[in-house]
Amino acid sequence: MTELAMQMRMRLADGVHQLWARQRVWLVSALILGLLLVFVPEQGVTSLEFTARNLVEVAPFLVLSIGIAAWAGATGADGLIARAFTGSPGVMILIAAAAGGLSPFCSCGVIPLIAALLAMGVPPSAVMAFWLSSPVMDPSMFVLTAGMLGTEFAVAKTLAAIGLGVFGGFVVHALARSGALVDPLREGVGNGGCGASSVREVRPVVWKFWREPARREKFAREGMRSALFLMKWLTLAFVLESLMVAWLPADFVAQAVGGSGPVPIAIATAIGVPAYLNGYAALPLVGGLIGQGMAPGAGMSFLVAGGVTCVPAAVAVFALVKRPVFFLYLGIALTGSFAAGLLFQAWAML
């Protein structure tokens, strides 16, 4: 009995270990929601509704990005798409940064598209340029920013978004030329970065992939794998965001970034990471703080840093790329956001 009991315990422990290794993200999300429902029922229900609502809102971007990635893999078009980004690095970075600054993606909604681009073998420099600029500004955000903070602020934020993308793209390009960032994605997420086989190999494209059983199977397999991977991380990201919305006091932000000079801008840049709620909620907050005396440059750095590196988006980014790339992403975002705040503050003082 003792030996049998030990074997059962070992099997149970092994099963738990494997379950945790494969499903730890879902388990963490379920644990957080479960604890909330038991100890803070009202917040638990609110977090569930918040998570479900945001997943529904991001679903069109998720489905489109996953569908494009699966279609590209099944047809062999991923090689064509990847090779479209293998021209002049400088031109590609500028185009990607400008496209990102005009695209209608939020900080979490851009994640599926980034995963698809990296999986297709698009160079990390162009992807980083798009990745950094996209969450900061979009057409609807421009209109709202102009209405709440003024047209000058909206134009400056747009330029900051594009400038941040260009800065990040060229930093990554310089590192890539030195041999770094060859394979930015985590294991099991796509087929790598600029050294991917989709760039190196020229394969025939089969546009009507559904006529071949093997390609249909690949389309379904790749689509399901990407969907499950992104869904679990976005679920955790939105659960965390719901807690920030509920428990992060706005007064704390107001007290921390008041005053003038570079120090409030640096503080606003740092606080923008955990304190940022979402682009639309942050606008009236920053407008109110500026009205209470916060430096415009601090408001700019808070909005730019928060849009790119808020906790929900950072969680999703961490799920996609290896740790050095993740920390590089954070470093570029914070450095660029601080610089944007300083430049806007200098402009406002003219």
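Helices here are DSSP runs of H or I with at least four residues, strands are runs of E with at least two, and both are numbered from the N terminus. The model is a predicted one, in which local features need pLDDT of at least 70 and side-chain atom pairs count only at pLDDT 80 or more, while totals for chains, interfaces and linings use all residues. Residues are numbered from 1 along each chain as its sequence is written, and side-chain values use heavy atoms, with hydrogens and water left out.

The protein chain as a whole has 16 helices and zero strands. Of its 350 residues, 46% are buried, where buried stands for under 20% relative accessible area, exposed for over 50%, and partly exposed for what lies in between, with a 1.4 Å probe and protein chains only. The chain exposes about 16600 Å², and carbon and sulfur atoms supply 70% of that area, as computed by the Shrake-Rupley method with a 1.4 Å probe. If a contact is taken as heavy atoms within 4.5 Å, then among the contacts in the protein chain between residues at least 6 apart in sequence, 81% join residues at least 24 apart.

One pair of helices can be followed in detail. Two packed helices are described by the angle between their axes and the distance between the axes. The axes of helix 4 (residues 89-102) and helix 8 (residues 151-177) come within 8 Å and cross at roughly 145°; such axes are lines fitted to C-alpha atoms over the stretch in contact, and the angles run from 0 to 180 degrees between N-to-C directions. On the side of helix 4, the residues that meet helix 8 are P89, G90, I93, L94, A97, A98 and G101, and their partners in helix 8 are I162, G165, V166, G169, F170 and H173. This contact has eight nonpolar, five polar and no charged residues, with Ala, Val, Leu, Ile, Met, Phe, Trp, Tyr, Cys and Pro counted as nonpolar, Asp, Glu, Lys and Arg as charged, and the others, Gly among them, as polar.

The interior comes next. A nonpolar core is a set of buried Ala, Val, Leu, Ile, Met, Phe, Trp, Tyr and Cys residues joined through side-chain atoms within 4.5 Å. The largest such core has 64 residues, and those with the most contacts inside it are W131, L132, M300, L303, V321 and Y329. Helix 16 (residues 323-348) gives the most to this core, with nine residues. Leaving aside residues up to four places away in sequence, V321 touches L118, W131, P184, L185, R186 and F326. A second, separate core has 10 residues, including V25, I32, L236 and V315.

L330 lies in helix 16 and is buried because its relative accessible area is 18%; its C-alpha atom is separated by 9.2 Å from that of A305, 25 residues apart along the chain. L144, in helix 7 (residues 139-149), has a relative accessible area of 33% and is therefore partly exposed. F209 sits in the loop between helix 9 (197-200) and helix 10 (213-247), and its relative accessible area of 9% makes this residue buried. The C-alpha atoms of F209 and T75, 134 residues apart along the chain, are separated by 5.4 Å.
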